[in-house]
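Q: I would like to learn how to read some features of a structural model, taking one feature at a time. Could you show me the structure and begin with a single residue?

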Amino acid sequence: MLEQNKESIFGIQIDLDSRDYLLETCKWARFLAIVGMVISGLLMVLMIFSFFSLSQVNDAFSGFYVLYILVYLGVIAIYIYPVIALYRFSKKLRIGIDQADQLEFNEGLRFLKGTFRYMGIMTIIILAIYSIILLIALIGGISNFI
Amino acid sequence: MENATLVNEQSRERLLKSAQWSRYLAIISFVGLALSVIQTVVGIVVGQDGAASGIIGLVISGVITFIMASNLMNYSKLTKLSMETGDGAQLSQAFYHMKIYFTIMGVLCIIMISLLVLGILIALLVGLLQ
């Protein structure tokens, strides 16, 4: 029975239903990725805009600019990784299914895993930051009573 | 055309990983939803202003969040199950749930974009009329 299971695990066909579901998932994933890229592009434009308007006001703070750009670029980079992963997932999965290309299909799944993993890790980080802020607020509130 | 794409050892491992992470995300969504419900209920009990609008917002966003999270959860469960039993039909079901998840996300995105465009248009109109 073990061999039978092994064989069928290695041999799960992507049947017609799966194919339809996956293709539709690809379409939406691609749409979401494109929207994400447009937003990143707008963020970049915003960054350049605000940078220019800032540089006209303060001439004395030159080191500040570098930090500003780095922070902005950092935010954009954080945001754009899952977007790119989602796009590559949709593209590779599409190619893998249409051309029955096993490698592309697997690569597509790799990016799907990457997207979910990234969102999971970001959520953990954000939750941790929230908890720390909450802790600090609690400690501050308690120390006011003492 | 004979569709020969197989779920082989490599994609099996990746599907399992994606199932793990999506299960985790679904659980977090459920917890967040529960917290929102508690917050709204407490708001009503305390007699806060605007608690009524909070209910409407909660119902709408809560239902959407619940549907998305449960679909993600189903995808995760069915994927894990199908990897263990080698059942293609279960994998098909899993992909069906994932498709619904992505569809809802996409439709929400479209709605938000149209609202944004509408908002900008209205703001422009108001600015022009003055």
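Q: Where in chain B is Met68(B) found?

A: In this predicted model, Met68(B) is found in helix α2 of chain B, the helix that covers residues 51–85.

Q: Why does Met68(B) count as buried?

A: A residue is buried if 20 or more other C-beta atoms lie within 10 Å of its own. Met68(B) has 21 C-beta neighbours inside 10 Å, and therefore counts as buried.

Q: Which residues is Met68(B) in contact with, leaving aside its neighbours within four places in sequence?

A: With those neighbours left aside, the contacts of Met68(B) are Ser29(B), Tyr101(B), Ile104(B) and Met105(B). Thr40(B), by comparison, is 28 residues from Met68(B) along the chain, and the C-alpha atoms of the two are separated by 20 Å.

Q: How many residues of chain B are in contact with chain A?

A: The size of an interface is often given as the accessible area lost when the parts come together. Counted here by residues in contact, 33 residues of chain B meet 36 residues of chain A. On the side of chain B that touches chain A, the elements that give two or more residues are β1 (6–7), α1 (9–46) and α3 (88–129) of chain B, and the largest share, 13 residues, comes from α1(B). By type, the residues of that side of chain B divide into 16 nonpolar, 12 polar and five charged.

Q: What span does helix α4 of chain A reach from its first C-alpha to its last?

A: Helix α4 of chain A, residues 102–145, has 44 residues and reaches 65 Å, close to the 64 Å expected at 1.5 Å a residue. The buried residues of α4(A) include Phe105(A), Leu109(A), Leu112(A) and Phe116(A).

Terms used:
Residues numbered from 1 in each chain as written. Chains lettered and ligands numbered in written order. Predicted model: local features only at pLDDT ≥ 70, side-chain atom pairs only at ≥ 80, totals over all residues. Contact = placed C-beta atoms within 7 Å. Helix = DSSP H or I, 4+ residues; strand = E, 2+ residues; numbered from the N terminus. Nonpolar A, V, L, I, M, F, W, Y, C, P; charged D, E, K, R; others polar. Buried ≥ 20, exposed ≤ 12 C-beta atoms within 10 Å, placed from the backbone. Expected span 1.5 Å × (residues − 1).
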